[in-house]
Amino acid sequence: MDSLCWRRFFVVVITTSIFLSCLPIHRSKLVEIDPGKDSDTVQVRFLGVGGFYIRKGDDAILTAPLYSNPKLPELLKKPIPPNVARIDRFHPKTATDVKAILVGHAHYDHLMDVPYVWQRTPDAIIYGNRSMKHLLAGYKRDPVQDTGIPDIPPGKVIALNKEGANQVDYSMCKANGAPEEDPDCPQKTGGAGGWVSVPKSKVRIRALCSQHPAQFLMFHLWTGCVSDPLKSVPQKADEYLEGETLAYLIDFMDADNRTPLYRIYYQDAATSPTIGQVPPKLLQEKAVDLALLCVGSFDTVTDPAHIVANTKPRAVILGHWENFFRPQDKRLKGIPFLDVKRLIRLVKARLPETTEVYLPAPQTLFHFRPARAGSAPTSQP
Ligand SMILES: [Zn+2]
């Protein structure tokens, strides 16, 4: 590089460093969520990337976390085995009674660690799309030798867009056309779906049609679906085809399991309007209390704040914002070239001033009160 190039290079590096140091990151000490305490509050811990650990009393839910964090060159060349040591280190020790693990789409950064996380809480049912179910079919115990590969019974994995029994709510994907058609993913339109009760819990979920944007500029990697069950564990990132992307409503219900007390909206990929929105009819039944939104690739969609305009949540937590090619014990960095502060401005502009918008460091823990009056976390992260 000539001297001008070097100068430009240093300007970019320094600007990026200053930019990151200015991000309003929320942090907390590592606190285990205690199932026996605070049964009136909803506790939410950001686990990194798309992962959240959500608990109310005895009911605990996970959204798919990533702890292995393979480096970018590893994705291009090598198989990407999970990093079990990192899963052991970063996954919450109390998350052994989780009732459901929600997966929005089947890319490696949302699925590769899920079997090993499930192994730590094997009563959980894993919900997602058909592509996910077909990928997880490869997780079977080797009858000859113990390879440490989790043995996931097929009944523990549910495809919510199962052909002939599709439970996805497509109400808000009709106005602007359903998500792009893909001949390998035959069913991307349908009716209003329905609520799915999570067994042995007072939680119900509703899958909403959503979409996955290009990851960078116009480059959209690993599109399409895995159309048949795998016979062995997927080895490389390009085997994790995204399938139909889903967002979720998660309702924590009252003691009678009839009325929702606390509603969470969860998104694991940014969308353009009106894809991924909650149908007005559902919002009239119960407002959204907390929105968990995906920062990654927000700059490749139009109006990335449309979800908060639609859901009007009482609080927002932004996830999937950090550089996920680095493990959690390395210095925290944002996704390169992504102006997270701009997204925060866009989101805040669509909400009342009192609504908190959090950008948490991985393992940050929040406590929220279900009652309408106590919208702010009971303890600051
Ligand atoms: Zn993805």
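How many bridges join S2 to strand S15, and do the two run parallel or antiparallel? There are 4 bridges between S2 and S15 (residues 365-368), and the two strands run antiparallel.

## The model as a whole

This is a predicted model. The protein has 9 helices and 15 strands. It is made of 381 residues, of which 54% count as buried. Its accessible surface comes to about 17000 Å², and carbon and sulfur atoms hold 56% of that area.

Among the contacts with a separation of 6 or more, 73% are between residues 24 or more positions apart.

## The sheet

An open sheet contains 7 strands in the order S7-S6-S5-S4-S3-S2-S15, and its pairing is mixed. S7 and S15 stand at the edges with a single partner strand each, so one side of each has no neighbour in the sheet. On average, neighbouring strands of this sheet are turned by 20 degrees against each other, direction ignored.

Strands of a sheet pair through backbone hydrogen bonds, and the pairing may be parallel or antiparallel. A parallel case is found between strand S6 (residues 125-128) and S7, which are joined by 3 bridges. Within this pair, Tyr127 has Ile158 in S7 as its bridge partner.

## Strand S2 and its partners

Besides its antiparallel pairing with S15, S2 pairs with strand S3 (residues 51-56) over 5 bridges, in the antiparallel sense.

In S15, Arg45 stands opposite Leu365; in S3, Arg45 stands opposite Tyr53. S2 and S3 form a hairpin with 2 residues between the strands, and in this hairpin Val49 takes a positive phi near 55 degrees.

## Met172 in a loop

Met172 is placed in the loop between strand S7 (157-159) and strand S8 (196-197). Is Met172 buried or exposed? Its relative accessibility is 16%, so Met172 counts as buried, since the cut-off for buried is under 20%.

Which residues are in contact with Met172, leaving aside its neighbours within four places in sequence? They are Cys209, Thr274, Ile275, Gln277, Val278, Pro279 and Pro280. For one of them, Gln277, the C-alpha atom is separated from that of Met172 by 6.0 Å, although the two residues are 105 residues apart along the chain.

How values were computed:
Residues are numbered from 1 along each chain as its sequence is written. This is a predicted model: local features need pLDDT of at least 70, side-chain atom pairs count only at pLDDT 80 or more; totals for chains, interfaces and linings use all residues. Side-chain values use heavy atoms; hydrogens and water are left out. Buried means under 20% relative accessible area, exposed over 50%, partly exposed in between (1.4 Å probe, protein chains only). Contact means heavy atoms within 4.5 Å. Accessible areas come from the Shrake-Rupley method with a 1.4 Å probe; for residues, only the protein chains shown count as cover. Two strands pair if DSSP finds at least two bridges between them. Axes are lines fitted to C-alpha atoms, for helices over the stretch in contact, and angles run from 0 to 180 degrees between N-to-C directions.
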